Amino acid sequence: MLTAEDKKLIQQVWGKLGGAEEEVGAEALWRMFCSYPPTKTYFPHFDLSQGSDQIRGHGKKVACALGNAIKNLDNLSQALSELSNLHAYNLRWGRGGCSGGANPRFALQFLAQCLQVVLATRLGKDYTPEVHSAVDKFMSAVASVLAEKYR
Amino acid sequence: MVHWSAEEKQLIAGVWGKVSVEECGAEALARLLIVYPWTQRFFSNFGNLSSPTAIIGNPKVRAHGKKVLTSFGDAIKNLDNLKGTYSKLSELHCDKLHVDPENFRLLGDILIIVLAAHFTKDFTPACQATWQKLVGVVAHALAHKYH
């Protein structure tokens, strides 16, 4: 459960990105593909070379979705509802080019780790243990919501 | 046996050479106890773990963090024989300490985040990928003797 303090820290940390949210999204995806090559199987229809338009485009979508969730921390389920439906259908059954057969919790934990790494590289010592903890809880909550509609 | 390319060995050595084992170890262990509070149960004799500040300042946490990361250094010196290197520690964590190996994975991921915060943009995607592989095989080696 996100405490009031967690929510404040998450909003602060996102605020510190100063417009770089889309880059952060793209970099998190790129790092995920580098560190966890099997995650590429979810994007067989993408050009997965470094800096590709598709990675940048999808990174931007991810960042926007997270940004929206962060503005609505009191109602994540509602804020991510559409995305939950989309991921449930596309990732589970395969559609829109996606190969399907994905386990949402499993997949999203890798993205969560990479997002944390990107934030840590940008914030350095400002990525305190308290911030780390809050973001970890937040990404866990996001993964839970996105997996809600799977079955 | 895990294969390490010359580039991977370079990325490991390059980072490790610049790490303060004491600082980094203390930081990683403190974060484990803060971010995943259930892990505190393995350290019930460490005294005050009541808040992030208490954990970070706790001398037993610092000392044990240093011990853990020093052991990690042994792994790095023995990349071609991780299972052998960690055989005894694996038995210890299973038979005496009763630690769920999932926690090794958690600590590994936390170590990566500590390195990322420390090295900032020098902790490149290639660097992260190599270190994720390393923490993964270390966790695997530590779990190897579980029964």
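The model is predicted, so local features need pLDDT of at least 70 and side-chain atom pairs count only at pLDDT 80 or more, whereas totals for chains, interfaces and linings use all residues. Residues are numbered from 1 along each chain as its sequence is written, chains are lettered from A and ligands numbered from 1 in the order in which they are written, and side-chain values use heavy atoms, with hydrogens and water left out.

**Exercise 1.** Determine how many disulfides the whole structure holds, and explain the result for Cys64(A).

*Solution.* Begin with the criterion, which asks for a pair of cysteine sulfur atoms within 2.5 Å. Applied to the whole structure, the search returns zero disulfides over all chains. For Cys64(A), the closest cysteine sulfur belongs to Cys114(A) and lies 20 Å away, which is too far for a bond. Cys94(B), at 10% relative accessibility, is buried.

**Exercise 2.** Count the salt bridges, then describe the one between Lys7(A) and Asp74(A).

*Solution.* The rule requires a side-chain nitrogen of Lys or Arg within 4 Å of a carboxyl oxygen of Asp or Glu, and by it the count over all chains is 16 salt bridges. In the pair formed by Lys7(A) and Asp74(A), the closest N and O atoms are 2.5 Å apart. Because Lys7(A) lies in helix α1 (residues 4-15) of chain A and Asp74(A) in the loop between α3 (53-71) and α4 (76-79) of that chain, the pair ties together parts that are 67 residues apart in sequence; helices here are DSSP runs (H or I, at least four residues), numbered from the N terminus. Lys7(A) is partly exposed at 21%, while Asp74(A) is exposed at 68%.

**Exercise 3.** Where in chain B do Glu23(B) and Arg62(B) lie, and how are Asp53(A) and Arg56(A) placed in chain A?

*Solution.* Glu23(B) and Arg62(B) form a salt bridge, with 2.9 Å from N to O. Glu23(B) belongs to helix α2 (residues 21-35) of chain B and Arg62(B) to helix α4 (residues 59-77) of chain B, so this pair joins parts 39 residues apart in sequence. By contrast, Asp53(A) and Arg56(A), whose closest N and O atoms are 2.5 Å apart in their salt bridge, sit three residues apart in helix α3 of chain A, separated by about one helical turn.

Technical notes:
Buried < 20%, exposed > 50% of the residue type's maximum accessible area, 1.4 Å probe, protein only. Helix = DSSP H or I, 4+ residues; strand = E, 2+ residues; numbered from the N terminus.
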